[in-house]
Amino acid sequence: MTRPPSSRATALAVVAALVAVVTLVSAAIFLGAAGGRGGEDGTPAAVRTEAATPAATGTWTGTWAAAPAAAEPHTAGAGLAGTSIRNVVHTSVGGTGARVQLSNLFGNRPLHLGHASIAVSAGPRTAAAVPGSMRRLTFGGRASAVVPAGQAVVSDPVPLPVAPASDLLVTVYSAVPSGPVTLHPHARQLSWLARGDRTEDADGAPYTTRTAYWRYVTAVDVWGTRAAGSVVAIGDSITDGVTSTVGADQRWTDHLAARLRTEHGAPRYGVLNEGISGNRILLSNRGRAPANNPSALDRFDRDVLGRTGVRAVVIELGVNDILRRPQQLDPRRIVAGLQQLVARAHERGLIAVGSTLTPFGGHLGAVPRQETVRLAVNAEIRAGRVFDSVVDFDRVLRDPADPQRLLPAYDSGDRLHPNDAGYRRMAGAVDVGVLARGRAASGL
């Protein structure tokens, strides 16, 4: 007797059919946009950062991003040569096509990309793709690219139906030792590794190694008509979501993205998370150049102003300037650093929303002098002398009975980082209407 198909198999079959139909329709939009045109002007593929755009009504919008944060330890020699890296990323808005940015920021030699691909994930905790969704990525019309040390490359666009709040698989492969691997270490998402060139393997079977990092991939843009732009959140580990549930997309930026998709009157923006754990406004990490964990002042142009379709920025920074050595105990310098970020946002016509510094009382090593600095910075922020608009993360997360500490219901347990409920509460505190005001709100 023949068994009826499982609900999971049926769902995948339906999704695959929809992918095929939408692809046939959208392929015409992209006809001639990506195929065979790159490189005709003699520009190397690695430095062609503006891919051809589809010849139809629509616009590119950032749907996902992650800040390049560091050189991966123990990869200074061969990098990950001979390994396929399948990154799992979560979208905020959808579209009918996609393009990908890959970064060699922390490399010390050219990154030779042999193959790269993008596909729709078949589900959580799997490296498999939805049947029919695998797309080879090209760069200036070529399947391979060479990315110089310290630079990035944007792929040609591919027709691919991308749903909001869905997972994509971005896979890269290099056979050539490339030196230090550029990564984002606190992905809060499981990605995958496989030996050999398995870039276009859709079943995921060769991907037997799980990894908690995002490597090389730093942005995914989508082509569509529904999104009106993107908002970038630049911050530290609290924006990075380091204590949120792995694989559950519970960062405060994920909850904000859900609000922007569903709430009446909210701008239909993509949400791009540019948080780095341990990040500071004023100082980068010491050591190699470029320094791991670059300061917000150093990375603002790349990680905020350089993102696709950005209309607003939310800045959540300052706690690590106080807590990390060398500690900054002059609140005026922290405020001045934040004001510099706002000025640079205004130069681009962006509204700058900023958060108060959240409580850290009881966190390992925190002392009363640091609390005095935090309160002084917050006083300047609340007085309106820093940002166009304020989201008071301190007020919504603190314990009313002990304002120096997080409310226990929102505390992950380390007296510094929120839990999933705390991150949801943070997203709920953002005035989404402010994000759409743009130049008018910033006084430009």
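Predicted model: local features only at pLDDT ≥ 70, side-chain atom pairs only at ≥ 80, totals over all residues.
Visitor: How should I read the packing of two helices, and what are the values for H4 and H6?

Guide: Two packed helices are described by the angle between their axes together with the distance between those axes. Here the axes of helix H4, residues 296-305, and helix H6, residues 331-347, come within 11 Å and cross at roughly 25°. Angles under 35 degrees count as roughly parallel, and H4 and H6 are therefore roughly parallel to each other, while their crossing is right-handed.

Visitor: Which residues make the contact of H4 and H6?

Guide: On the side of H4 the contact is made by Ala-296, Leu-297, Phe-300, Asp-301 and Leu-305, and on the side of H6 by Gly-337, Gln-340, Leu-341, Arg-344 and Ala-345.

Visitor: Now to aromatic rings: how is a pair described, and how many aromatic pairs does a search of the whole structure find?

Guide: A pair of aromatic rings is described by the distance of the centres and the angle of the planes. A search of the whole structure finds 3 aromatic pairs, and one of them is formed by Trp-60 and Trp-223, which are edge-to-face at 5.5 Å centre to centre, with 65° between the planes. Trp-60 lies in strand E1, residues 59-65, and Trp-223 in strand E16, residues 217-224, so the pair ties together parts that are 163 residues apart in sequence.

Visitor: Are Trp-60 and Trp-223 buried or exposed?

Guide: Trp-60 is buried, with a relative accessible area of 9%, and Trp-223 is buried as well, with a relative accessible area of 6%.

Visitor: What is the geometry of the pair of Trp-64 and Trp-214, and which strands hold these residues?

Guide: The ring centres of Trp-64 and Trp-214 are 5.1 Å apart and their planes stand at 80°, so this pair is edge-to-face. Trp-64 lies in strand E1 and Trp-214 in strand E15, residues 214-215, so the pair ties together parts that are 150 residues apart in sequence. Trp-64 counts as buried at 7% relative accessibility, and Trp-214 counts as buried at 6%.

Key. Residues numbered from 1 in each chain as written. Heavy atoms only, no water. Axes fitted to C-alpha atoms, helices over the stretch in contact; angles between N-to-C directions. Helix = DSSP H or I, 4+ residues; strand = E, 2+ residues; numbered from the N terminus. Parallel < 35°, antiparallel > 145°, perpendicular 65-115°, else oblique. Left-handed = near helix turned anticlockwise from the far one by under 90°. Contact = heavy atoms within 4.5 Å. Phe/Tyr/Trp six-rings, centres within 6.5 Å; stacked < 30°, edge-to-face > 60°. Buried < 20%, exposed > 50% of the residue type's maximum accessible area, 1.4 Å probe, protein only.
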